[in-house]
Amino acid sequence: MCGIVGYVGHQSAVSMLLNSLKKLEYRGYDSSGIGIVDANKRKIAFRKDQGKISNLEKMLNARPLPESHLGISHTRWATHGAPNKKNAHPHFDTSKKIFIVHNGIIENYESLKKDLIKKGHKFISDTDTEVIVHLISDFYNGDIFHATQKAVKKLRGAFALGVICEDSPEQLIAARIGSPLIIGVGDHENFIASDVPAILESTNKIIYLKDGQMATLTSDRVDVFDFDGKPVKAKVDEVTFSVDAVQKQGFDHFMLKEIHEQPAVLEQMLKARLKGSKVSLEGLHLTDQQLKDVEHVFIVACGTAYHAGLVGKYIIEKLARTPVSIDVSSEFRYRDPIIDKKTLVVAISQSGETADTLAAVREAKNKGAKVVSICNVVGSSLVRESDGVLYTHAGPEIGVASTKAYTAQVMMLFFMAIKFSQIKNEKGSALTKDLMAAMKELPALYTSILKSKRGIAQVARKNSHFGCFLFLGRNINFPSALEGALKLKEISYIPAEGYAAGEMKHGPIALIDEYRAVVCVVPQSDIYEKMISNIQEIKARKGKIIAIATEGDQQIKPHANHVVYVPRTHELLTPLVVALPLQLIAYYISVQQGCDVDQPRNLAKSVTVE
Ligand code: F6R
């Protein structure tokens, strides 16, 4: 949600910033901009434009910026103020000496703005961000670091900031609370960015700036401080993923590439977590006794991660017989949930920066619960605030629609459920043994589904004209239906509802006629016959049925207009195998509709605002 990049070094700031900013476009793409300090005239200059970064690039080609070695840049996901040029970052003070880029929301901007206007500051945008630069300029008396330091102490809300000033043409300033910001340590050049992929081509040496920290960067130095100006010893981490991981590598879209990465993701998770007949939950930081003492699990997450959590509820309850509650984080944080010391809160998040999930975690900790997270991004805010973390290590997910992160989260919840079950029943039940054996087959099953993607693409194309979709599933595949619907609606803008098939008759069946497509998740299971009855009810009302069924199931054929087969697996693992065709159906419909698969309208990858 908004991407920031800043550069100071020996190379051309404009080309470094533009190249890096493109890697962050998944965070927002309403408008973008670059501000630099002219290396010769020591004056600030900028370009910004509405829409995607390609618009900014065209503008820079037509009207190049002067040579520079210091600059900041931004790609925006609008919160305060329309997505237009006026509201695009960087924003500047009245004297146009100081420029800033910002990710986050300033909650007290209205009162600050009133005071600043009274003092003569001239505002030109509708953003909350603009108050920050005017505030810095209000404190400015020749020392940009101290002015920024004084300003950030007055701000309430969340922010990651990049600041430059034409009086300090060799210095870049960064600060953060609540929104992610990293520092890339290079060779005679240094960077700030919202996320690692932006700068990975230049350096893999990363400082994860913490909440309440600021930094000054020159081409040869990085110094980190707290907001009181006290120096802080910062740790430099080396990230291990390669530049390839953040490129399309011949695929048409990141989403398709990430769908194809799933067999490898599951394979590495199995290697890391399955140790003979045991499961390793390294990173959880809870002893077996502490796990045994857990009386209640509470899962919090948003969007796709919430759907993974729903699968988790079914499997933890089934395997460990421990009650599991689940809330979307935005509800949890404001409804005074019942949790105590015997509750284990599990926060699930791909990015680890989702504002609502972070707030839910803080709420849970205030109430005395232990919090563990299932997270993909190393060093993210969520990880830092949790007592323990289970990394999915699925690699960077760039496509806005989550795919490999989802299946990795579900897989991790299986590991958790098995561990819980083994702790409660030391000999390990036959069920967990069967499951572990079946889990080992999953990467090969995924590969075989991917081999049949042409057939899935055909089904998707044949049905892409429907103006409305329903996704139905029961029991452990009810979350699969919700996730299938979310995937489709977010990347094709076709209204799609996920429903528990048994709930159809209580309302949604009114929607069914020959103009609706209904995707029925109906793998072999104990409730197969119940699903068939539900499918017949839809058929009787002329709904067009796309069934996702188990290979070899002939019974389904007369009931469905199209059947997509998935390989047979353990019944509890079916959410993991049906996820793949659901992702592919959404993908191919989106492509057929000519939509922007990786950057669907109004969305951003990392939702760092409430
Ligand atoms: C949908 C999607 C979103 C995210 C949600 C939570 O495809 O990606 O629904 O799942 O915004 O994001 P994280 O997992 O980063 O907390």
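Here is a short chat about a helix pair and a few backbone spots in this predicted model.

Me: Before we start, what are the ground rules on numbering and confidence?
Reply: Residues count from 1 along each chain as its sequence is written. Local features need pLDDT of at least 70 and side-chain atom pairs count only at pLDDT 80 or more, while totals for chains, interfaces and linings use all residues, and side-chain values use heavy atoms, with hydrogens and water left out.

Me: Why are α7 and α13 called roughly parallel?
Reply: The axes of α7 (residues 262-273) and α13 (residues 404-424) cross at roughly 25° and come within 10 Å. Angles under 35 degrees count as roughly parallel, so the pair gets that label. The crossing is right-handed, that is, the near helix is turned clockwise from the far one by less than a right angle.

Me: Which residues make the contact between α7 and α13?
Reply: From α7, Q262, V265, L266, M269, L270 and R273 meet K404, T407, A408, M411, M412 and F415 of α13; contact means heavy atoms within 4.5 Å. They divide into 8 nonpolar, 2 polar and 2 charged.

Me: What makes D336 exposed?
Reply: Exposed means over 50% relative accessible area (1.4 Å probe, protein chains only). D336 has 54%, so the word applies. D336 sits in the loop between α10 (329-332) and β20 (343-349), and its phi is near 50°, a positive value in a residue other than glycine.

Me: How do you know that N602 is exposed?
Reply: N602 has a relative accessible area of 60%, so it is exposed. N602 lies in the segment after α18 (574-592), with phi near 65°.

Note on methods. Axes are lines fitted to C-alpha atoms, for helices over the stretch in contact, and angles run from 0 to 180 degrees between N-to-C directions. Helices (H or I, at least four residues) and strands (E, at least two) are DSSP runs, numbered from the N terminus. Angles under 35 degrees count as roughly parallel, over 145 as roughly antiparallel, 65 to 115 as roughly perpendicular and the rest as oblique. Ala, Val, Leu, Ile, Met, Phe, Trp, Tyr, Cys and Pro count as nonpolar, Asp, Glu, Lys and Arg as charged, and the others, Gly among them, as polar. Buried means under 20% relative accessible area, exposed over 50%, partly exposed in between (1.4 Å probe, protein chains only).
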